[in-house]
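Biologist: Could you take me through the strand pairing and the packing here?

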Amino acid sequence: QLLQFPWLDAKLKRRCIEAGLRAWCLHRRGFGCPHPDEVRAVSAELATMGVSHRTFVPVKETPYEVDLAVGNRKDALLVVSETSRNTLEPVGSTLLQIKHLQDRGWRCVVIPRKAWLSLMPEARASYLQTLLSSFRQQPTSIGKL
C-alpha cells in the first residue's frame, strides 16, 4: 500500500485490505475476464470462421482465466484494455498476467479492446486471422513478449 500510494496519511490494516480484495473478487467471480461482452463477440466471430476454441478457461493453480483458448494447445487470446497508448502493447497487470501464463506454457496474443471496438464488423474476421497467424510464428517454448 505504501509503495503504490505513498501520499496516504493512514495505513490500512491488512484485514481491511484482504476483506476489500475478497469482496472485489467475489463481485467479479474471481480475477476472471474483465470484458466478457467483447470476449463473447470475438468468440462468435471465431465460431463463424470455424475456429475451434473455448471461452473463459480457468488456468490451474493461478487466479487467472484465459479469455479464449484456441484449439487444443495452450494458445490464448486475451481481450484487454490495459495497453500502452501509442503501441497497444500490454502494460501493467496485463503484462504480469501474460508473463505468468507464459511461465505455465501458454502462448498469448492480446486483442486491445479499443482496437476491437473500433473495427467494422466486416474487418473483424481478417483481424482475427492475422492474430491467429501469429500463433504459428511464435515458438512453442517460453519466450519473451
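Biologist: How many bridges join S2 to strand S3?
Modeller: Three bridges join S2 to strand S3 (residues 75–80), and the two run antiparallel, where strands are DSSP runs of E of at least two residues, helices are runs of H or I of at least four, both numbered from the N terminus, and strands pair if DSSP finds at least two bridges between them. This is a predicted model, in which local features need pLDDT of at least 70 and side-chain atom pairs count only at pLDDT 80 or more, while totals for chains, interfaces and linings use all residues. Residues are numbered from 1 along each chain as its sequence is written, and side-chain values use heavy atoms, with hydrogens and water left out.

Biologist: And which residue in S3 is the bridge partner of Ala69?
Modeller: Ala76 is that partner, and Ala69 in S2 also stands opposite Arg54.

Biologist: What about the turn between S2 and S3?
Modeller: Four residues separate the strands of that hairpin, and Gly71 in the turn has a positive phi of about 65°.

Biologist: Is S2 mostly covered or open?
Modeller: Strand S2 (residues 65–70) is mostly covered, with six of its six residues buried, meaning under 20% relative accessible area with a 1.4 Å probe, protein chains only.

Biologist: Switching to packing, what does Val42 touch?
Modeller: Leaving out residues up to four places away in sequence, Val42 touches Leu68, Val79, Ile111, Trp116 and Leu128, contact being heavy atoms within 4.5 Å.

Terms used:
Buried means under 20% relative accessible area, exposed over 50%, partly exposed in between (1.4 Å probe, protein chains only).
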